[in-house]
Amino acid sequence: MSRAQAESVIKNIIREIAQECAGRGNAVSETLVAFMVKAVVLDPDNGFNVDRSLTKDDVQKLIDMCVEKLVDTESPSLETIKMQVYFDMNYTTREEFLEEHRRVLESRLQPVVRDITDSRARTRDEFESLYRKMVSCALLKSGLGSPTDISVVREATAALQSVFPQTELGNFLQLNKVDKEKQLRELTQIMTGIRLFNRNAGKGGQGIDDLPAILSEAIPATKQNLDVELQRTTQLVFKYTAIIEKAASVVGYRDEIPVEFIKQAQINCRQHEVFLRILMNDVVISAEKVALYERGFQDKMQFLKETVQSKTAVPTAQVYPLFVDLSVLWLGFQDEMVLLSVLSNILANLDPFTNIHREKMTDDVLEPLLTNVIIRTDQERVAESMKAKDRIDRTSYKKLEWHYPETTKDFEHLPFEYKGFCSFSAAASDRLLLPSN
């Protein structure tokens with residue numbers, strides 16, 4: 001079977017599974033179905049051979065198994081897969097987030113920019129109209145106020161006139177399209193810097209939010225929300241793990257509890273924990289970036305004040321770059337606002353994927369199961385196994401390279417397999433996820 005034929009078969013299988021789920025009252029996305037198909041096929045317990053083509057019976061078996069899993073509304077495993085699909089579809093790196101945001105913004109502004117660069121203004125009214133469009137474009141690009149707010153427009157127009165009077169439009173129209181777009185970007189940055197400078201001096205700033213102040217409150221609040229969520233999730237992990245371990249060691253205890261459900265719930269919590277830590281890392285980076293931007297912004301502002309105040313007339317070549325620097329630093333604040341909004345939204349949308357086991361395994365249900373059970377944290381488990389007698393004997397594995405936390409630089413940033421979970425525990429204890437040491 002060719003690659004194209006194989007892809008066609010898979011698409012048909014996905015479509016049929018989605019239709020059958022819909023027929024049972026469960027609408028599922030094709031992305032989720034594709035995720036489930038892959039998970040079912042790769043699970044060796046299901047008996048599929050990935051090295052040969054699927055037979056007609058294999059296809060029907062695959063469809064039936066996927067449908068049954070996808071319509072199970074009480075399955076923590078399904079919620080874990082849904083969580084993975086959601087995160088995979090909505091999360092990416094800081095750089096990619098910002099690149100996509102700017103691409104969308106540029107795309108939306110393209111008609112406005114094109115209207116300016118394609119202008120063939122001749123009359124006085126047409127020149128005035130073009131100038132107003134340039135002011136509006138600069139406002140939209142900078143994000144500092146609405147182009148429909150008269151006070152904002154008046155302030156922005158004054159800033160633009162100070163560096164680019166309307167009499168310069170004739171020269172602007174003589175430029176080619178690329179140079180016009182370049183000059184628009186430069187004028188926007190200079191105008192933005194001027195407005196920020198005036199705002200700092202108490203002489204303007206209409207429509208400009210105090211982003212540093214907003215971020216100084218929003219970042220700690222988001223971090224606190226993540227801390228609370230992490231605490232809640234890890235506490236459940238520790239409880240579920242203790243119950244699973246007791247079920248494996250105490251005769252008769254296993255018959256009293258839904259072991260499979262709790263194993264699925266523990267995996268669900270671990271996945272939630274991994275995603276929360278990724279978000280937390282991004283928030284910490286945002287806090288560092290904002291602190292860096294604040295120092296840079298204050299330094300540039302102070303230097304600009306001293307430059308302007310010490311001289312009667314300041315050469316444009318000396319002062320314009322400083323306005324541009326202010327604009328660039330302010331863009332950094334705007335970027336962090338966008339990122340924080342995205343991260344907060346993802347955080348809120350992850351929570352529902354944990355509801356099934358949280359609603360079923362309440363404190364009232366868990367408390368009797370945890371009687372006479374020692375609940376250990378991940379840190380306690382790792383500490384218990386860090387004694388000299390638990391160390392790997394390097395002499396027994398001379399061809400392997402061993403890394404230890406206390407002797408390896410940036411140990412916690414190494415790309416550990418299985419996200420740092422112990423492969424032995426996962427295999428020997430049937431999917432039990434414990435941190436490696």
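Predicted model: local features only at pLDDT ≥ 70, side-chain atom pairs only at ≥ 80, totals over all residues.

Reader: Is Thr188 buried or exposed, and why?

Author: The way to read this is through relative accessible area, where buried means under 20%. Thr188 has 7%, so it counts as buried.

Reader: And what does Thr188 touch, leaving out residues up to four places away in sequence?

Author: Skipping those neighbours, you'll find Ala138, Lys141 and Ser142 in contact with Thr188.

Reader: What about Glu186, where is that one?

Author: Glu186 is also placed in helix 9, which covers residues 177-200. Its label is partly exposed, because its relative accessibility is 38% and that class lies between the 20% and 50% cut-offs.

Reader: How far apart are Glu186 and Glu229?

Author: Check both sequence and space here. They're 43 residues apart along the sequence, and their C-alpha atoms are 44 Å apart.

Reader: Now the nonpolar part. What's the general idea?

Author: In soluble globular proteins, nonpolar side chains tend to be buried together. In this chain, the largest nonpolar core has 66 residues, and Met134, Leu160, Phe164 and Leu279 have the most contacts inside it. Helix 12, residues 316-350, gives the largest share of that core, with 13 residues.

Reader: Let's zoom out. How many helices and strands are there in the chain?

Author: Count 16 helices and zero strands. Along the principal axes, the C-alpha atoms fill a box of roughly 90 × 55 × 50 Å.

Reader: And what share of the residues counts as buried?

Author: That's 38% of the 437 residues. As for contacts, take those between residues at least 6 apart in sequence: 74% of them join residues at least 24 apart.

Reader: Last one: how many positive and negative side chains does the chain have?

Author: There are 55 positive and 65 negative ones, and the centres of the two sets lie 4 Å apart. For the surface, the accessible area is about 25,200 Å², with 52% belonging to carbon and sulfur atoms.

Notes
Residues numbered from 1 in each chain as written. Heavy atoms only, no water. Helix = DSSP H or I, 4+ residues; strand = E, 2+ residues; numbered from the N terminus. Buried < 20%, exposed > 50% of the residue type's maximum accessible area, 1.4 Å probe, protein only. Contact = heavy atoms within 4.5 Å. Areas by Shrake-Rupley, 256 points an atom, 1.4 Å probe, with all protein chains shown as cover. Lys, Arg positive; Asp, Glu negative; His and termini not counted. Charge placed at Lys NZ, Arg CZ, Asp CG, Glu CD. Core = buried A, V, L, I, M, F, W, Y, C linked by side-chain atoms within 4.5 Å.
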